[in-house]
Amino acid sequence: MNRFLLPLVAVVIMIPIMILGLQSDPSKLPSQYIGKPAPEFSLPTLMDPSKTFSTADLKGQISLVNIWATWCGGCRTEHGFLMELARTNTIPIYAIDWRDKRPEALNFMNQLGNPYVASGFDEDGRVGIDWGAYGAPETFLIDADGIVVYRFTGPLNRALWEQEFVPRIAELQE
Amino acid sequence: MIPEIGHFALILALALAACQAVLPLLGAHRDDAALMSVARYATFGHFLFVAISFVCLTIAFLSDDFSVLYVANHSQLALPTQYKISAVWSAHEGSLLMWILLLAGWTAAVAQFRSDMPDKLVARVIGVLGLLSIGFLLFALLTSNPFDRLIPAAMDGGDLNPLLQDPGLAIHPPLLYVGYVGFSVAFAFAIAAMLSGDLDENWARWTRPWTVVAWLFLTMGIALGSWWAYYELGWGGWWFWDPVENASFMPWLMGTALIHSLAVTERRGLFKSWTLLLAISTFSLSLLGTFLVRSGIIVSVHAFATDPTRGFFILAFLAVVVIGALALYAWRAPALDSTAGFNAASRETFLLLNNVLLVVATTLVLLGTLAPLIVEMLNGGKISIGPPWFEVAFLIPMIPLVFLMGFGMHTAWRKQNEGVWFKVLKIPAIAAIVIGVVLPLLFYGRVSLMLVVGCTAAVWVVATALVQPYRSWRRKDGAAGITRSALGMSIAHLGMGLFVLGATIVSAFGIESDRAMRIGETLEVADLQFQLRELREVQGPNYTAIEAVVEVRDGAEFIATVRPQKRQYLVQKNWMTEAGIHPTWNKDLFIALGDQLGDGSWSVRIQYKPMIRFLWIGAFVMALGGMVSVSDRRYRKSKK
């Protein structure tokens with residue numbers, strides 16, 4: 001083939017990928033677990049490796065599971081809001097610290113505060129993959145039976161919380 | 001009324017952009033001087049009306065006109081005046097308007113400073129830029145009108161994102177955009193050359209200064225962005241491989257390749273089709289960056305709000321521009337290609353290697369940026385690529401690039417006499433190896449393979465860059481002995497060396513320490529004592545802050561008082577870290593204040609960043625090199 005055509009061919013291949021990318025808006029990716037029980041896991045906690053955080057902890061109350069990491073910019077962005085949310089005691093926030101390094105994660109908690117009831121330390125990222133994490137941060141809403149109700153990708157803030165989570169939580173509480 | 005004038009001016013600008021696009025291109029095709037002469041006036045008119053529109057939006061901000069949706073969302077009564085101005089380009093609609101203004105500005109500059117370019121080339125370049133303007137104006141008017149009204153008007157605005165209330169960020173986007181948009185000129189020159197079928201040494205001489213100016217602004221814009229992230233985000237890092245950072249970095253890498261390829265095209269008439277392809281790619285990557293940032297396709301800290309219509313519009317525009325340009329390339333470039341070969345030991349070889357390595361680096365960054373997207377498309381699996389991948393992948397082409405740079409500078413066009421290499425490069429090579437090993441050992445007491453590689457590379461580039469200016473200075477004939485072009489090249493390479501040195505040292509010896517601190521307590525980091533003297537409340541115009549006063553001492557010697565703050569902005573209620581930094585030429589002491597802990601102490605992050613200033617100084621020296629090289633006399637011939 002004519003080598004001068006190669007760049008054109010490459011771009012023509014790229015364009016449909018971009019179109020698909022636009023349609024699968026990352027913040028609207030449905031989780032395959034919605035309506036199903038949260039994926040089973042058991043992780044050592046970040047703060048105290050001798051303790052564990054597992055699927056069993058998610059039963060008996062409506063809760064949030066936030067997937068985060070220190071290398072993720074969006075996680076820092078949403079951290080202030082999570083702190084605020086934790087102070088209001090509306091809902092327990094659990095976390096999976098995804099593919100992170102423990103000293104850095106502990107520094108992060110020290111510096112910015114710890115909004116989490118418990119943070120599972122998922123060093124090799126297995127649990128994150130089981131949960132279908134696309135990229136941190138992601139936040140899952142789990143009902144009292146441990147069923148995934150909703151998944152939100154990207155940094156949370158107050159407006160998004162009011163819009164996406166508050167009505168769903170109200171529905172669950174009925 | 002003012003917003004309506006702004007809106008109307010934008011519509012008139014679109015009409016003039018259409019004239020600017022169609023008539024000169026038609027004129028050049030038909031060889032009609034009258035039609036071609038429209039180019040200049042349509043361009044000035046187009047620029048004038050976009051400027052009016054931009055001024056109207058600025059007035060809306062300055063007069064707190066919260067009946068304009070964009071103003072209501074991004075400003076507030078108590079916002080300091082300078083930030084009311086920078087708020088104009090703080091979000092999608094306004095920054096798009098700025099993009100349009102800069103595109104019109106670059107076009108007007110081409111019309112004004114045309115040097116000795118023939119009328120046909122000018123007409124074609126301006127026509128192509130007009131086509132691009134039409135696309136962007138339609139984008140603004142159809143999907144992103146900054147003058148949309150909010151009825152009923154808001155009493156007060158939602159405030160500018162506090163992260164953006166900072167002098168560094170006020171000027172970072174304009175500089176970045178001047179660079180981004182400026183690559184459209186190189187693109188237009190490439191299209192014009194393919195339309196006419198004329199691509200000679202003069203074409204490269206005309207294209208070079210425009211490309212270098214765009215490149216030097218992009219260099220400064222990226223450096224400022226990195227500096228801003230360093231002190232404003234409070235993380236103490238300087239580059240995060242965030243998709244939006246990559247979006248500005250890819251055109252920079254490609255643009256750097258383009259500058260070097262243009263040198264070969266001008267001096268030797270080689271690499272013609274390659275230069276064209278690089279010019280198209282550089283601007284296409286600028287457009288791709290815009291697409292990534294504004295479509296919400298990739299999650300990022302600084303991506304603009306998601307809006308699928310906008311995403312589709314930019315994608316369609318991107319597709320038309322890139323496919324159109326590459327189709328033209330596939331059709332016309334074969335005829336322009338130069339088949340002449342060149343000697344292996346020649347500057348041409350080194351510039352080819354430079355090009356290949358830079359294109360590889362760009363491709364790696366592009367792959368890393370798009371990988372999550374592509375993998376998801378292929379098998380639905382979800383991956384995430386973080387900084388660790390980029391740090392390894394990027395160094396693979398970069399290390400040889402930096403070492404080859406020193407040779408390339410001292411290699412003659414056509415054929416190098418190998419003996420000269422030895423004579424000229426002997427001293428820099430010895431200096432690089434000796435200093436590269438001794439410097440880390442002596443000052444920081446530690447050495448590793450990467451450190452030696454980094455320091456040796458840095459000293460090597462600095463030393464080889466200084467050889468030519470030093471020799472011409474020794475010959476006592478001063479500036480006459482070295483052309484501005486060559487001097488600019490030496491300065492830019494010197495900047496690169498300084499940058500590599502800073503990056504190496506700060507990555508290896510930077511210290512970050514997060515501790516809890518009480519008032520009166522002293523901590524020791526990097527052999528310095530940090531004492532928290534007091535905490536007090538400070539009232540800003542639109543925020544309240546807690547300020548820590550930290551005294552830094554080295555034994556008995558007082559070094560500095562540093563005042564980090566934690567600010568709460570009154571409207572958006574979020575807390576922002578304002579780091580306290582004590583900068584000196586060879587190190588930064590960086591203190592950021594965290595939260596109050598349960599026992600009354602405060603979490604504090606203390607960082608010691610040796611030579612971090614070299615990163616930004618290096619980048620600005622590179623930009624300075626660009627400025628010196630465009631001042632070369634041969635670019636300023638006037639039309640005979």
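Guide: Helices (H or I, at least four residues) and strands (E, at least two) are DSSP runs, numbered from the N terminus. With that in hand, the part to examine is Ile581(B), which is found in strand S8 of chain B, residues 580-584. The model is a predicted one, in which local features need pLDDT of at least 70 and side-chain atom pairs count only at pLDDT 80 or more, while totals for chains, interfaces and linings use all residues. Residues are numbered from 1 along each chain as its sequence is written, and chains are lettered from A and ligands numbered from 1 in the order in which they are written.

Is Ile581(B) buried or exposed? Ile581(B) has 20 C-beta neighbours inside 10 Å and therefore counts as buried (buried: 20 or more other C-beta atoms within 10 Å, with C-beta atoms placed from the backbone; exposed: 12 or fewer; partly exposed: in between). Setting aside residues up to four places away in sequence, Ile581(B) touches Tyr231(B), Asp588(B) and Phe590(B), where contact requires C-beta atoms, placed from the backbone, to lie within 7 Å. Ala153(B) stands 428 residues from Ile581(B) along the chain, and the C-alpha atoms of these two residues are separated by 41 Å.

A second pair in chain B is formed by helix H5, residues 92-112, and helix H7, residues 167-196, which pack at about 50° with their axes 9 Å apart. H5(B) and H7(B) are therefore oblique to each other. Their contact includes Trp99(B), Leu102(B) and Trp106(B) from H5(B), and Tyr177(B), Val181(B) and Val185(B) from H7(B).

The largest nonpolar core has 206 residues, and Ile100(B), Ala186(B) and Phe189(B) have the most contacts inside it; such a core is a set of buried Ala, Val, Leu, Ile, Met, Phe, Trp, Tyr and Cys residues joined through C-beta atoms within 7 Å. Beyond its neighbours within four places in sequence, Ala186(B) is in contact with residues including Trp210(B), Leu258(B) and Phe283(B). Apart from this core lies another, of 36 residues, among them Val65(A), Leu82(A), Trp98(A) and Val148(A).

For chain A, the secondary structure comes to 5 helices and 7 strands, in the order α-β-β-β-α-β-α-β-α-β-β-α along the sequence. Of the 174 residues in chain A, 44% are buried. Among contacts in chain A with a separation of 6 or more, 74% join residues 24 or more positions apart.

Gly120(A) is found in strand S5 of chain A, residues 118-122, and is buried, with 25 other C-beta atoms within 10 Å. Beyond four places in sequence, its contacts include Leu43(A), Phe53(A), Ile96(A) and Val127(A). Arg3(A) lies 117 residues from Gly120(A) along the chain, and their C-alpha atoms are separated by 52 Å.

Definitions and conventions
Axes are lines fitted to C-alpha atoms, for helices over the stretch in contact, and angles run from 0 to 180 degrees between N-to-C directions. Angles under 35 degrees count as roughly parallel, over 145 as roughly antiparallel, 65 to 115 as roughly perpendicular and the rest as oblique. Two residues are in contact if their C-beta atoms, placed from the backbone, lie within 7 Å.
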